[in-house]
Amino acid sequence: MRVTNGTLTGNYLRNLNRNLDQMQKTQNQLSSGKEVSRPSDNPMLVSKIMDFNSTISENEQYRLTIDSAMEWVDTADGALGNVTDTLQRVRELVVSGANGTLSETERTAIADEIRELSKQVSDSLNTNFGGRYIFAGQKTTEPPFSVGADGVMTYSGDEGNISREIAPNVGLAIMTNGLELTTAEGTAAGNQSLGALLDNIAEALESGDTEAISGNLLGDLDKHMDNVTRFRSKMGAIYNRLEAAGERNEAQNLNLTEMLSKSEDIDFAEKMMEYSTMSAIYEASLSSGAKILQKSLLDYL
Amino acid sequence: MAGLFNTLNTAVKGLSAQQTALSTTSHNISNANTEGFSRQRVELKADNSYDYQGVGQLGTGVKIESVVRIVDEFVDYQIRNESSALGQYTAKNDVLSQLESIFNEPSETGVSYAMGEMFNAWQTLSDNPESMSAKSVVVESAKTFVDTLGQTASQMDELKVDTIAALEKNVFDINSIADQLKTLNDQIFNISVKGQSPNDLLDQRDLLMKQLNGLADCTESIDKWGRASMTLGGKDITAQDAAFKLSTVSGKADNGDGTWTVSVAVGGDSSDLKQVTMTAGEAASFSDGSPVYYEEGAPLAPAGIASGEIGGKLEALKEIEARIAELDSFARSLADEVNKLHNPDGDGADFFSYEGTESALNLRVNPDIQEDESLVVTGYSESSPATDGSRALEIAKLRDKNIGGSTLQSDYSGIVTKVGISAQKAANMVSNQEAVMAQLTNRRESISGVSIDEEVTNMIQFQRSFEANSRVISTLSEMLDTLINRTGV
């Protein structure tokens with residue numbers, strides 16, 4: 001084959017450009033740290049990366065939901081702890097009030113303290129989390145418990161619970177129904193709600209009805225305390241579920257991030273090797289070009 | 001006996017032959033880097049001998065037969081042929097790589113990311129339905145999504161307009177090259193009829209034919225005088241005084257009475273617009289940018305270009321239009337699904353609004369909602385308590401919901417993947433075609449290219465030959481001097 005100057009320069013330029021082009025691609029990958037920068041680099045991989053990114057973003061959103069639900073349940077647990085403590089104090093007072101030897105003044109003092117404690121229970125149950133009342137059913141914008149002029153604590157929330165979605169199509173109800181919390185079953189009539197019971201105890205103390213105090217009222221108080229404890233342990237179970245969901249979410253996130261990284265990120269060492277090979281080739285072609293292209297017969301005549 | 005003056009004549013012929021050959025060598029060297037140039041050679045031949053009685057045939061020196069260009073017609077033909085395919089894929093690749101830059105994926109600024117953020121905002125709202133700021137975040141993130149989508153759509157529209165303008169320019173170029181070829185054909189004919197070979201004009205002719213083929217897939221034929229005629233879509237665009245002109249469609253409009261008016265940029269010149277009226281059925285085969293043959297008084301005929309830069313741009317244009325349609329349908333189904341959940345009975349406020357068929361471009365967050373964010377519905381019904389975020393949750397779950405066989409996310413990534421695949425394919429075809437072209441160009445270079453080494457060698461050869469002929473003349477002169485001045489004195 002006849003070789004001309006045009007053949008030499010043409011081939012040289014073509015090969016040099018190809019080397020430079022490949023070097024530019026590797027350089028781009030090295031500086032961005034990503035395997036692909038545009039869909040045509042690898043359409044299927046890009047589609048996979050987009051799916052991963054979307055799933056990860058969704059997963060992180062679930063994580064936020066779980067975290068905020070856990071804080072909510074934490075707050076609720078604290079409030080329930082306060083209520084239990086207060087009721088414990090009420091029980092101590094009731095037991096001491098049942099003692100028939102107390103004077104009327106002493107009983108009245110105990111009754112007054114119980115009325116105050118009733119307000120304290122109401123305050124504890126009106127705890128809010130981020131401006132939302134946590135024992136108001138779904139009416140979280142209004143304080144659900146109030147102690148009226150008659151001294152009876154009443155509930156004005158509704159009977160709903162709040163639900164959260166903690167993973168795709170996995171719902172979880174956070175118990176916020178204040179009515180359930182303050183209603184005990186199997187009590188003597190008139191003592192079904194905690195507010196009414198506390199009021200009845202105070203009235204019984206004021207009237208000196210020690211028989212009722214040591215009988216029905218003390219038993220009913222125990223039932224109410226049981227009820228609160230049961231409610232609290234249910235919240236505990238919800239907390240455990242959230243914790244487990246959180247761990248699962250984190251594991252999944254880790255997996256997804258790892259898979260994304262595997263498809264998206266470059267192997268730095270490998271790319272670096274590729275790059276140095278390419279730049280060596282590029283330099284070689286430059287210097288060989290400088291040697292090939294200068295010479296012609298004219299140099300020797 | 002051969003006379004001395006005869007021999008002098010032979011030497012002069014030799015001198016002039018070497019001089020002519022040297023002149024051609026010089027022509028070759030000076031055109032070593034000229035595009036499309038084929039090296040030339042002086043064909044020398046021994047001149048007619050005469051009968052030297054009793055001795056035999058006596059030669060009379062050299063004769064210049066002709067100056068020829070050295071080409072392999074078949075390789076040149078192949079190059080012209082392949083340049084159509086190269087032009088096609090290069091143009092397609094150019095447009096499609098712009099298209100994929102518009103999508104800007106994978107990134108944290110593209111439509112996909114903005115859509116994810118919007119659904120995340122809905123989910124946050126479902127957890128905090130009574131929070132006004134969560135509603136604001138939903139509205140703002142939806143606005144970001146709509147803006148990103150709208151920008152993508154409008155950039156695609158711009159790319160379409162730019163591609164149509166580039167098509168017009170290509171058609172304009174074809175007409176101007178065809179005009180040059182017509183003039184060249186005349187010049188070639190004038191020289192060919194004299195029995196000479198118009199080497200340099202033929203090189204120019206081949207170059208113009210190659211340029212034409214790069215723009216559109218012409219069928220060529222060359223007559224015995226070396227005149228080229230290029231046929232495109234069944235019409236000879238190099239015909240002298242042709243009434244038709246290759247043009248582009250620059251728009252069409254429905255007249256409302258069953259007829260359509262199609263505007264044509266005659267010769268690809270958008271300042272020379274002509275209107276053609278036709279039936280709706282006929283108009284359906286024309287779209288913006290499509291190349292047509294325009295002839296006064298005759299019906300508009302599609303030029304039927306499949307390859308070359310024009311063919312590639314037409315393919316890319318179809319691709320852009322298909323992707324715009326898919327993006328529109330994606331925007332429509334997203335907006336419809338969200339609205340269906342946000343305003344199920346149709347008596348409340350829609351969340352999204354869009355007009356016409358260009359739904360990606362015209363998608364908006366309902367202006368009423370933009371003004372009053374409390375219109376964002378979160379609960380199941382109007383009587384639902386403030387904490388009911390079930391509707392917002394349903395909207396957030398649209399992200400993974402199967403709508404007509406696929407999710408919104410996969411609808412969108414499907415569009416991006418399609419763009420990626422066709423851009424990748426076009427880029428691969430370009431590099432394949434470039435390899436074919438490189439191989440053919442090397443082949444042509446090897447046959448027709450100028451080799452400086454070779455020309456310099458020839459130059460020395462001709463120079464020496466010239467010197468030798470001069471020596472013959474001076475020897476003859478000495479002989480004549482001996483004969484005339486010294487003999488018998």
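Is I292(A) buried, partly exposed or exposed? I looked up its relative accessibility: at 43%, I292(A) counts as partly exposed, where buried is under 20% relative accessible area, exposed over 50% and partly exposed in between (1.4 Å probe, protein chains only).

I noted that this is a predicted model, with local features needing pLDDT of at least 70, side-chain atom pairs counting only at pLDDT 80 or more, and totals for chains, interfaces and linings using all residues. Residues are numbered from 1 along each chain as its sequence is written, chains are lettered from A and ligands numbered from 1 in the order in which they are written, and side-chain values use heavy atoms, leaving out hydrogens and water.

Interface. I find 41 residues of chain A and 45 residues of chain B in the contact (heavy atoms within 4.5 Å). About 3,700 Å² is buried between chain A and chain B, with carbon and sulfur atoms giving 51%; buried area is the accessible area (1.4 Å probe) that two parts lose on being put together, summed over both. On the chain A side, R2(A), M50(A) and Q61(A) lose the most area to chain B, together 19% of what that side buries.

Salt bridges. I count six between chain A and chain B, each a side-chain nitrogen of Lys or Arg within 4 Å of a carboxyl oxygen of Asp or Glu. I also looked up K397(B) and E165(A), whose side chains form a salt bridge at 3.1 Å, N to O.

F352(B). I listed what F352(B) touches, leaving out residues up to four places away in sequence: among them are M118(B), A142(B), L334(B) and N366(B).
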